[in-house]
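Welcome, and thanks for taking a look at this one with us. Here is a short briefing to read beside the sequence and the fold.

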Amino acid sequence: GVYHTQFENDWVRLVRVRYPANSKVPLHGHPPSVTAYVYLSASSPVRFTHQGSRTHVVTRQPTTPGGFRVSRGGDETHSAENLGAQASDFLRVEFKTDPAG
């Protein structure tokens, strides 16, 4: 249980995420929607190993509180590994609307 839904309606789902220090999260999936990430803490790097239509590995660099990024969405089937001693706390804001409309 690293993902905890905080709020959801027809347009958006807000999920609080916490990857404890030096933790591994098994393979799982997310909706392919446009998503914003809002970082709540300083964190260690986190490695995401994606599987599916495009297998690849991405290491997210350490984050700072108040930082954010936006993803256009797509295949989000991956495992995650926190590579250090600092937990990673962030909000995942999944937009349910059609990005073109």
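In this predicted model, five strands make an open sheet, running in the order β1-β2-β9-β4-β7 with antiparallel pairing. β1 (3-8) and β7 are the edge strands: each has a single partner, so one side of each has no neighbour in the sheet. From one strand to the next, the twist averages 20 degrees.

**The β4 and β7 pairing**
- Four bridges join strand β4 (residues 35-39) to β7, in the antiparallel sense.
- T35 has S71 of β7 as its bridge partner.

**A nonpolar patch at the surface**
- V38, L40, F68 and V70 together make a nonpolar surface patch of about 370 Å².
- F68 belongs to strand β7, which covers residues 68-71.
- Is F68 buried or exposed? Its relative accessible area is 64%, and because the cut-off for exposed is over 50%, F68 counts as exposed.

**Salt bridges**
- The model has six salt bridges in total.
- R18 pairs with D89, and their closest N and O atoms are 2.9 Å apart. R18 sits in strand β2 and D89 in strand β9 (residues 88-95), so this contact ties together parts 71 residues apart in sequence.
- R47 and E81 form another salt bridge, with 3.1 Å between the closest N and O atoms. Since R47 is in strand β5 (residues 46-50) and E81 in strand β8 (residues 76-82), the pair ties together parts 34 residues apart in sequence.
- R47 is partly exposed, with 31% relative accessibility, and E81 is partly exposed as well, with a relative accessible area of 23%.

**A charged network**
- Which residues are linked in a network of salt bridges? They are E8, R13, R92, E94 and K96.
- Within this group, the side chains of E94 and R92 meet at 2.7 Å, N to O.
- E94 is buried, with a relative accessible area of 3%, and R92 is buried too, with a relative accessible area of 3%.

**A backbone detail to check**
- N22 lies in the loop between β2 (12-19) and β3 (24-30).
- The phi of N22 is near 55 degrees, a positive value in a residue that is not glycine.
- For context, most residues other than glycine have a negative phi.
- N22 counts as exposed, at 55% relative accessibility.

Notes
Residues numbered from 1 in each chain as written. Predicted model: local features only at pLDDT ≥ 70, side-chain atom pairs only at ≥ 80, totals over all residues. Heavy atoms only, no water. Patch = residues over 30% accessible without salt bridge, like charges linked within 9 Å, V, L, I, M, F, W, Y side chains within 5 Å. Areas by Shrake-Rupley, 256 points an atom, 1.4 Å probe, with all protein chains shown as cover. Salt bridge = Lys/Arg side-chain N within 4 Å of Asp/Glu carboxyl O. Helix = DSSP H or I, 4+ residues; strand = E, 2+ residues; numbered from the N terminus. Buried < 20%, exposed > 50% of the residue type's maximum accessible area, 1.4 Å probe, protein only. Pairing = 2+ DSSP bridges. Axes fitted to C-alpha atoms, helices over the stretch in contact; angles between N-to-C directions.
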